[in-house]
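Please keep the sequence and the structure in view while reading the numbered points.

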Amino acid sequence: MVMMRLSVLICCYNQDKYIRQTIDSIIGQVNEDKDEIIICDDASSDSTHLILNEYKNLHPNLLKVIIRPKNLGLINNYYDGITRAVGEYIMVCAGDDYWLENKVKTQIEYMNMNPSCGLCYGAAKKINESGLIIGKLYGKNNNTFETLIKNDHIVAPTMCFRKSVLERYIREVNPLSHTWLMEDYPFILWCSKFSRIDYIDNELAAYRYCITSSCRPTSLYKKIEFIESVKNVKEYFACKCDRCLQSEIISNYIERLLRINNGSEEYKALCKMKIEMNVQNRFYRAIYKARLNNKCIDYILRAVNRVTLLLSHT
């Protein structure tokens with residue numbers, strides 16, 4: 001197998017409004033003789049597959065287009081695509097994000113000059129569904145494990161990492177054996193502990209904030225499920241690396257649950273279902289660790305008592 005310089009992975013699903021901008025922003029920066037673009041469409045029901053085939057006909061040597069006959073889901077679609085990569089370096093981009101000028105040149109040069117760096121990233125501008133800039137830039141120069149396990153500020157479309165680092169991560173962690181709902185955050189945490197992450201002080205990509213994104217589910221159940229998955233990822237790596245972070249992880253988990261509380265019976269029922277009895281003591285420890293206000297403490301205590309009462313009668 002011939003080793004290429006760069007493999008780019010684009011995962012998309014029902015993104016015909018954005019996919020042209022995504023592909024165009026990448027094609028203009030890569031070399032058809034040295035690079036490859038792998039595009040995995042997860043059985044879109046809109047016209048995304050037609051657009052992809054159009055680009056495939058225009059760039060048959062550069063693009064490897066995979067149209068799924070059946071939806072695999074975010075994680076399986078991602079790993080099936082990324083394990084096909086043959087480049088020394090790998091970059092990723094969702095089908096609704098896009099790259100800014102000179103991203104490839106900047107990051108490839110940096111990685112070549114810093115052989116001990118496993119992953120580099122930069123800043124991303126935050127845009128809405130209409131392409132308008134909203135809020136502050138994503139990304140900052142603080143990439144220690146202790147920082148990232150509290151707050152992930154590394155945005156996937158700004159990343160560049162070595163294929164060798166990804167292969168080691170897959171061997172050691174086997175991410176498909178877990179039920180995690182995100183593909184990038186576990187890898188970022190692992191890299192921060194077992195490789196080297198560097199920040200490049202440039203804007204490298206545009207990250208589109210869409211209401212229907214996988215990390216911003218609309219249903220209450222899905223929101224709680226995603227928050228719990230983030231907690232599980234953090235606990236997995238904290239357990240392997242630093243047990244003293246456990247209480248902070250639970251504190252963050254509680255705070256995120258409190259943010260989405262809408263006061264409904266549905267929310268209360270879902271909390272009762274999701275909070276396990278063996279978490280109770282950690283809830284109490286987290287209360288003191290997080291220094292929550294009295295209202296939050298009262299709510300948590302009531303939630304714990306409700307769960308304990310419910311479980312005692314089952």
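With which side chain does the side chain of Glu36 make a polar contact at 2.5 Å?

1. Basis of the note. This is a predicted model, in which local features need pLDDT of at least 70 and side-chain atom pairs count only at pLDDT 80 or more, while totals for chains, interfaces and linings use all residues. Residues are numbered from 1 along each chain as its sequence is written, and side-chain values use heavy atoms, with hydrogens and water left out.

2. Polar contacts of Glu36. The partner asked about above is Ser7, whose side chain makes a polar contact with the side chain of Glu36 at 2.5 Å. A further polar contact, at 2.9 Å, joins the side chains of Glu36 and Lys64. A polar contact here is a pair of N or O atoms within 3.5 Å; within protein, one must be able to donate a hydrogen and the other to accept it, and residues adjacent in sequence count only if both atoms are side-chain atoms.

3. Setting of Glu36. Glu36 is located in strand β2 and is buried, its relative accessible area being 1%. Buried means under 20% relative accessible area, exposed over 50%, and partly exposed in between (1.4 Å probe, protein chains only). Not counting residues up to four places away in sequence, Glu36 touches residues including Met4, Leu6, Val8, Leu62, Arg84 and Val86; contact means heavy atoms within 4.5 Å.

4. Overall composition. The protein contains 12 helices and eight strands. These are DSSP runs, numbered from the N terminus: helices are H or I of at least four residues, and strands are E of at least two. Of the 314 residues, 52% count as buried. Among contacts between residues at least 6 apart in sequence, 78% join residues at least 24 apart. The accessible surface comes to about 15400 Å², and 51% of this belongs to carbon and sulfur atoms; the areas come from the Shrake-Rupley method with a 1.4 Å probe, and for residues only the protein chains shown count as cover.

5. The sheet. In what order do the eight strands form the open sheet? The order is β3-β2-β1-β4-β7-β6-β8-β5, with mixed pairing. Two strands pair if DSSP finds at least two bridges between them. β3 and β5 stand at the edges with a single partner strand each, so one side of each is left without a neighbour in the sheet.

6. The chain crosses from β2 through helix α2 (residues 48-58) to β3 in a right-handed β-α-β crossover. Right-handed means that, with the strands pointing away from the viewer, the path from the first strand over the helix to the second runs clockwise. Ile38 has Lys64 as its bridge partner in β3.

7. α2 lies across β1, β2 and β3, at about 155° to β3. Helix α3 (residues 74-82) lies across β1, β2, β4 and β7, at about 160° to β1. Axes are lines fitted to C-alpha atoms, for helices over the stretch in contact, and angles run from 0 to 180 degrees between N-to-C directions.

8. Helix α1 and Ile23. The buried residues of α1 (residues 19-27) are Ile19, Thr22, Ile23, Ser25, Ile26 and Ile27, and they pack against β1, β2, α2, β3, β4 and β5. Ile23 is buried, at 1% relative accessible area. Not counting residues up to four places away in sequence, Ile23 touches Ile10, Ile39, Leu52 and Tyr55.

9. Helix α7. Eight of the 10 residues of α7 (residues 185-194) are buried, and the helix is mostly covered. Among the buried residues are Phe187, Leu189, Trp190 and Cys191.

10. Backbone points to check. Most residues other than glycine have a negative phi. Asn102, which is not a glycine, has a positive phi of about 70° and lies in the loop between β5 and α4. Asn174 likewise has a positive phi, near 50°, and is located in the loop between α6 and α7. Asn102 is partly exposed at 40% relative accessibility, and Asn174 is partly exposed with a relative accessible area of 40%.
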